[in-house]
Amino acid sequence: MNCKYNLLLLFLCGFAALSVSTETCGTDLQVGTSCIIKRKTNNNKEKPHERKWVHSINGNILRWKDKKVRVIYEGISMEEDGSLRLLNVSLKDTGKFTFTEFNDVGTEIGKDEVEIKVYEKAPKPTVIPKCSKDGNATLSCNIGNRKDLTVSWYKEDKKIQNETNPQMFLSSTQVQEYKPYSCEAHNPVSKDKSESTPISCSGFGPGGKLFGFDFWAMVGIQAGLGALLLLLICVLIICACKRCQERYNCTVVECAIFKL
């Protein structure tokens with residue numbers, strides 16, 4: 001029985017060890033990443049007596065002295081060789097990390113510097129069209145108030161070159177094409193793309209579209225259907241009055257009044 005428990009414990013410990021990230025931190029990181037800021041190799045054979053990590057904004061974050069570690073900043077730990085492990089980085093971790101070690105008389109014997117920048121994950125943007133009276137349109141890629149994002153525009157899923165502004169202008173001719181447009185928001189660590197949206201400026205000018213069809217063509221169709229419906233109502237009224245005349249031997253006017 002003890003053997004089974006020992007094997008289970010060994011398996012769990014091994015799994016936990018594998019789940020801890022051993023990835024080396026890059027220059028750009030996404031919020032929530034765990035990684036290690038590796039020390040650069042040096043040829044110094046002198047044994048360190050003190051080590052410390054300093055952040056350019058948050059100040060002293062970790063100190064090792066007399067084989068005792070003092071962690072001043074949450075979410076970090078130190079590896080055996082002095083490398084710094086970061087757990088679930090956040091925006092406040094952006095900055096320069098400086099490592100320094102000293103011998104037993106306080107002389108500096110090693111120094112490293114690493115600068116990182118942390119970004120939030122790019123959100124899924126939305127395309128918002130705004131039409132003018134002359135049939136032109138301005139498309140806005142809604143990314144909120146994010147200043148770290150760059151925008152790219154697509155027409156029929158093909159990237160439009162040299163369009164990186166959150167707003168894009170379409171002429172009335174381009175609007176009449178009724179083509180789908182989308183935008184993509186991205187930063188150095190992530191990207192996301194909006195849904196592809198066909199652009200229509202309904203009712204704006206002779207070139208506008210209504211539900212994807214030519215505006216004036218739709219107006220003509222609806223007017224024709226209205227006239228046909230009115231004609232049908234008139235025919236029904238006349239037929240009803242005829243029957244009334246035959247049945248009650250009255251005039252057309254009397255029948256109409258009777259029906260009302």
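The torsion about the S-S bond of Cys-131 and Cys-201 is about -85°, so this disulfide is left-handed. By disulfide I mean a pair of cysteine sulfur atoms within 2.5 Å; here the S to S distance is 2.0 Å. Cys-131 lies in strand β10, residues 126-131, and Cys-201 in the loop between β17 (197-198) and β18 (209-210), so the bond ties together parts that are 70 residues apart in sequence. Helices (H or I, at least four residues) and strands (E, at least two) are DSSP runs, numbered from the N terminus.

This is a predicted model: local features need pLDDT of at least 70, side-chain atom pairs count only at pLDDT 80 or more, and totals for chains, interfaces and linings use all residues. Residues are numbered from 1 along each chain as its sequence is written, and side-chain values use heavy atoms, with hydrogens and water left out.

Now accessibility. Buried means under 20% relative accessible area, exposed over 50%, and partly exposed in between, with a 1.4 Å probe and protein chains only. Cys-131, at 23%, counts as partly exposed, while Cys-201, at 1%, counts as buried.

How many disulfides does a search of the whole structure find? It finds three. Another of them joins Cys-25 and Cys-35, with the sulfur atoms 2.0 Å apart. Its S-S torsion is about 95°, so it is right-handed. Cys-25 sits in the loop between α1 (2-19) and β1 (28-30), and Cys-35 in strand β2 (residues 35-37), so the parts tied together are 10 residues apart in sequence. Cys-25 is buried at 13% relative accessibility, and Cys-35 is buried at 1%.

Then there is Cys-141 with Cys-183, sulfur atoms 2.1 Å apart. This link is right-handed too, with 80° about the S-S bond. Cys-141 is in strand β11 (residues 137-142) and Cys-183 in strand β15 (residues 180-187), so the pair ties together parts 42 residues apart in sequence. Both cysteines, Cys-141 and Cys-183, are buried.

Next, the rings. Rings of Phe, Tyr and Trp (its six-membered ring) pair if their centres lie within 6.5 Å; planes under 30 degrees apart are stacked, over 60 edge-to-face, and the rest tilted. The count is one aromatic pair. Trp-53 and Phe-99 have ring centres 5.0 Å apart and planes at 50°, so the pair is tilted. Trp-53 is in strand β3 (residues 50-55) and Phe-99 in strand β8 (residues 95-102), 46 residues apart. Trp-53 and Phe-99 are both buried.
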